[in-house]
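I opened my notebook to look up a few things in this structure. Here is what I wrote down as I went along.

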Amino acid sequence: MVTEECGKTMKIGILGFQGAVIEHQQHIQQLEQEAVIVRYREQLETIDGLILPGGESTTMGKLLNRTGLMDPLREKILQGLPVWGTCAGMILLAKELEQDPLVHLGVMDMTVKRNAYGTQIDSFDVRMVVPEISNREIPLVFIRAPYITRVGKAVRVLCRVDDHIVAVRERNMLATSFHPELTDDSAFHQYFIGMCRK
Amino acid sequence: MGKYELNKNLAQMLKGGVIMDVTNAEQAKIAEAAGACAVMALERVPADIRRDGGVARMSDPQMIKAIQKAVSIPVMAKVRIGHFVEAQILEAIGIDFIDESEVLTPADELYHVDKTAFKVPFVCGARNLGEALRRIGEGAAMIRTKGEAGTGNVVEAVTHMRQINDDMRRVKNAGTEELMSLAKEFCAPFELVKYVHENGKLPVVNFAAGGIATPADAALMMQLGSEGVFVGSGIFKSGDPEKRARAIVQAVTYYNDPVKLAELSENLGEAMSGLEIKTLENKYAERGW
């Protein structure tokens with residue numbers, strides 16, 4: 001699917017340790033880009049961008065360490081590899097977690113509060129316009145979600161829900177508290193593919 | 001989007017993960033450190049329930065709360081089949097997921113819990129597609145094989161997963177005129193049979209459970225199509241729970257990589273001692289319908 005208008009097909013990796021991997025893969029494929037499930041270090045060299053999916057951040061963090069992917073991935077992101085963390089992925093990217101000494105990749109200058117809304121009974125969804133992403137209302141789904149309690153100067157806030165920061169961008173890094181992969185709307189995936197093209 | 005969709009979504013977040021039975025806060029921390037994507041809080045693991053006999057009930061809320069406090073991953077707990085008050089109690093303490101489980105002694109011989117009456121999600125066991133769709137029809141947000149809990153013997157989980165897969169293939173390949181008869185044969189809601197026909201899969205996440213004791217068992221269930229695994233007695237009844245738990249977590253991620261699986265299976269200490277299904281006095285899988 002290489003045409004003048006859409007340019008080269010992007011190869012988008014999805015960290016495939018645990019969580020909503022296939023859901024992201026389907027969105028990427030629907031947008032006619034190549035989706036690769038990343039479980040091995042060598043694969044980091046072959047991708048144009050990486051999605052850190054929703055799931056359990058502690059599980060993914062442990063596996064990043066045990067498989068030796070943590071350091072090379074951090075290095076890649078710092079060198080400019082476009083990366084997008086949804087929910088658990090956002091926690092992996094944060095430099096600081098509230099009431100938790102643990103830091104995983106620690107590349108985005110923000111403080112994230114885990115399970116910020118409570119337990120599963122407090123999971124919810126809303127529809128909102130996120131101007132940076134699209135001028136349409138898009139569905140935002142929060143599942144035992146985190147939110148951001150502090151952002152550094154280089155971090156741009158893309159969306160707030162009830163005064164809490166839930167989507168941000170810092171250079172090559174995008175993070176969302178919610179799960180666009182669980183909806184039919186591909187606007188966020190489209191936006192991320194755009195980040196990978198640049 | 002309704003509460004039910006959000007609950008199915010939570011189950012999606014657990015995919016590719018291992019849910020471990022724990023009986024106290026200390027075990028819960030070991031499970032979390034090993035990389036479990038959730039823990040199941042219960043007073044006795046199935047192997048002990050099987051050994052001790054008697055009536056097995058919902059766990060003490062205080063013990064469940066101690067586990068909720070100890071970990072940040074989702075905490076699940078079990079209620080007896082049909083015991084909707086136990087479910088109300090677990091919902092009141094903010095549990096993340098309820099397992100309406102045949103491992104506990106059933107409280108109702110006729111009816112399962114009406115899961116649509118709850119905000120909190122339910123997972124239920126199934127031996128075949130009909131049973132899975134009946135539970136989903138009642139509002140389950142996640143399905144697991146029943147297997148035969150507390151045996152350390154994976155054969156029943158394999159049987160149930162293969163049966164569900166066979167049944168789904170039949171529904172998928174059937175002509176539309178056959179669907180109502182299949183719904184009748186499977187005793188399953190027609191709309192859900194239609195969903196399986198159109199999508200070739202269950203409308204909710206499907207995990208393996210019951211008898212998984214080794215990394216190879218976990219990978220076997222994944223290769224048979226399950227989306228994650230529950231490990232009950234298999235971890236804390238083994239010689240080195242920490243090491244085994246870590247190995248099973250990684251086996252679920254690398255279930256298709258025999259070289260990795262070989263590494264992970266090395267030197268794990270003793271596995272739990274297993275039971276032959278034919279010798280069992282009580283088959284838990286036969287509880288519920």
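I began with terms: helices (H or I, at least four residues) and strands (E, at least two) are DSSP runs, numbered from the N terminus. This is a predicted model, in which local features need pLDDT of at least 70 and side-chain atom pairs count only at pLDDT 80 or more, while totals for chains, interfaces and linings use all residues. Residues are numbered from 1 along each chain as its sequence is written, chains are lettered from A and ligands numbered from 1 in the order in which they are written, and side-chain values use heavy atoms, with hydrogens and water left out.

**Pockets**

I looked up open space next. On a 1 Å grid over the protein atoms alone, a pocket is an open set of points with protein on both sides within 12 Å along at least five of seven lines, a cavity is a set where a 1.4 Å probe fits but cannot get out, and lining residues have an atom within 4 Å of a point. Grid points are joined across faces, edges and corners, and a volume is the space filled by probe spheres set on the points.

The largest pocket comes to about 1,300 Å³. It has 45 lining residues, and A:Ile22, A:Glu23, B:Lys15, B:Lys201 and B:Glu227 are the closest to its centre. Which element gives the most to this lining? I found that α1(A) does, with 6 residues.

I sorted the lining by class (Ala, Val, Leu, Ile, Met, Phe, Trp, Tyr, Cys and Pro are nonpolar; Asp, Glu, Lys and Arg are charged; the others, Gly among them, are polar). The largest pocket has 17 nonpolar, 17 polar and 11 charged lining residues.

The second largest pocket holds about 380 Å³. Of its 17 lining residues, A:Arg114, A:Asn115, B:Gln68, B:Val71 and B:Ser72 lie closest to the centre. I counted 3 nonpolar, 7 polar and 7 charged residues there.

**Cavities**

How many cavities of 30 Å³ or more does the structure hold? I noted 3. The largest cavity has a volume of about 200 Å³. Among the 24 residues lining it, B:Asp21, B:Ala149, B:Ala209, B:Gly210 and B:Gly232 are closest to its centre.

The second largest cavity has about 130 Å³ of space. Its lining has 14 residues, with A:Gly55, A:Glu56, A:Cys87, A:Asn115 and A:Arg144 nearest the centre. By class, I listed 7 nonpolar, 4 polar and 3 charged.

**Chain A**

Last, I checked that chain A has 5 helices and 12 strands. Its C-alpha trace spans about 45 × 40 × 30 Å along the principal axes.
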